[in-house]
Amino acid sequence: MKKTLALALAVVMSLGLMAGCGNNSTPPANSTPPTNASTSQPGSAAASIPDAPTGGGTVGVCIYKFDDAFMTTYRNALQEILEGKGYKVTVVDGNNDQSKQNEQINTFITQGVDALIINPCMTSAADSIIATVKAAGVPTVLINREPTAEQMSAYDKLVYVGCDAAQSGTFQGELILDTPNKGDINGDGKVSYIMIQGDPENIDAQLRTEYSVKALQDAGMEVEQLDLQRGDWDREKGQTICANDLAQFGDQIEVVFCNNDDMAIGALQSIQSAGRKVNEDIYLVGVDALDAALNEVMNGNMTGTVLNDAVGQATEAVNQMENLLGGATFAAGEQSVYVPYVKVTPDNAKDFVK
Ligand code: BGC
């Protein structure tokens, strides 16, 4: 089974549609299934899921920093879903400071929370976060910054909910390939681009950077990287990097790849100040489908973006938290649950406005 929707299978099975089909994965009968999520690995995501609870416990939510456009939508969705289910929720701001977040995790543990949902400040802190929650025996859902399967295997009451970052990069490349000249506006036989990267410590930044360009190359396009700089997911940094690059490289720039929409919105300001026109003499793509970006896609000021489904991921994080609270454990190599990305163009952008 590839990318098995193990828990989705549980729904199907509980509906009796697969009774006796001889499938060798044995999803438990009473699980709370994900909506449209898939596990990263073949096989069943949760080894055993007794009755999932229906709310009423306490949940600590650690966000890497509140001042992040995408994570703001995400944390608001988490809070709403959890409170709607009757959980007592506390959401804290790590201010992008791992030592501060470590203290917050310890405080939640001391307070005796029933479960934790953690968006790590630094992916490299995964080992110590996992050791801490394991020692305390607190069921934990990690979100947004994916540790390695090996790191997660240290604790079987831990699951990661996120997206397959490579897919978002591929979609960005495809958005450029879908343009009339496949990104080669000046017809010189190559696509000349700048890459405005998120925090490079984050796997989302690494894989979006790699796979956006790879999609062009896989389609037979020659590429030329004029610049690659870290914009740390930040709008102002996106604006500054793009302004400097436009000053330095001018018309040579045909494509501006941004690892997220907030940086793309910043880049757009610089593109407009430089008198350039998106979709005419330059292309611009982001990821997230923030409302501001969706508007720009509809107005023709961004070539496209990729839906990073904050509400879908929040929903899935809560589903998995409830599975853990119900006693589920996760086998090594089966601890990542992915929500799909969606390519956003002027044709479908309106469908994603919140
Ligand atoms: C989002 C970014 C966000 C980052 C935070 C990424 O998945 O695309 O907008 O800043 O997560 O870690």
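This is a predicted model: local features need pLDDT of at least 70, side-chain atom pairs count only at pLDDT 80 or more; totals for chains, interfaces and linings use all residues.
Me: How far from an oxygen atom of the ligand is a polar side-chain atom of Asn-144?
Reply: Arg-208 also has a polar side-chain atom by a ligand oxygen, at 2.8 Å. For Asn-144 the distance is 2.5 Å.

Me: How much of the ligand does the protein bury?
Reply: Accessible areas come from the Shrake-Rupley method with a 1.4 Å probe. Alone, the ligand exposes 310 Å². Of this area the protein buries 99%.

Me: How many charged residues are in the shell around the ligand?
Reply: Residues with a heavy atom within 4 Å of the ligand count as near, and they include Tyr-64, Arg-145, Asn-202, Asp-288 and Asn-308. Asp, Glu, Lys and Arg count as charged. The shell has three nonpolar and four polar residues, and its charged residues number five.

Me: Where does the ligand sit?
Reply: A cavity is a set of points on a 1 Å grid where a 1.4 Å probe fits but cannot get out, and its lining residues have an atom within 4 Å of a point. A molecule sits in one if more than half of its atoms lie within 2 Å of its grid points. By this rule the ligand is placed in the largest cavity.

Me: What is the volume of the largest cavity?
Reply: Three cavities of 30 Å³ or more are counted. The largest has 13 lining residues, with Asp-68, Phe-70, Asn-144, Asp-204 and Trp-233 closest to its centre. Helix H2 (69-84) and H7 each supply at least two residues of this lining. A volume is the space filled by probe spheres set on the points, and for the largest cavity it is about 100 Å³.

Note on methods: Residues are numbered from 1 along each chain as its sequence is written. Side-chain values use heavy atoms; hydrogens and water are left out. On a 1 Å grid over the protein atoms alone, a cavity is a set of points where a 1.4 Å probe fits but cannot get out, and a pocket is an open set with protein on both sides within 12 Å along at least five of seven lines; lining residues have an atom within 4 Å of a point. Helices (H or I, at least four residues) and strands (E, at least two) are DSSP runs, numbered from the N terminus. A polar contact is a pair of N or O atoms within 3.5 Å; within protein, one must be able to donate a hydrogen and the other to accept it, and residues adjacent in sequence count only if both atoms are side-chain atoms.
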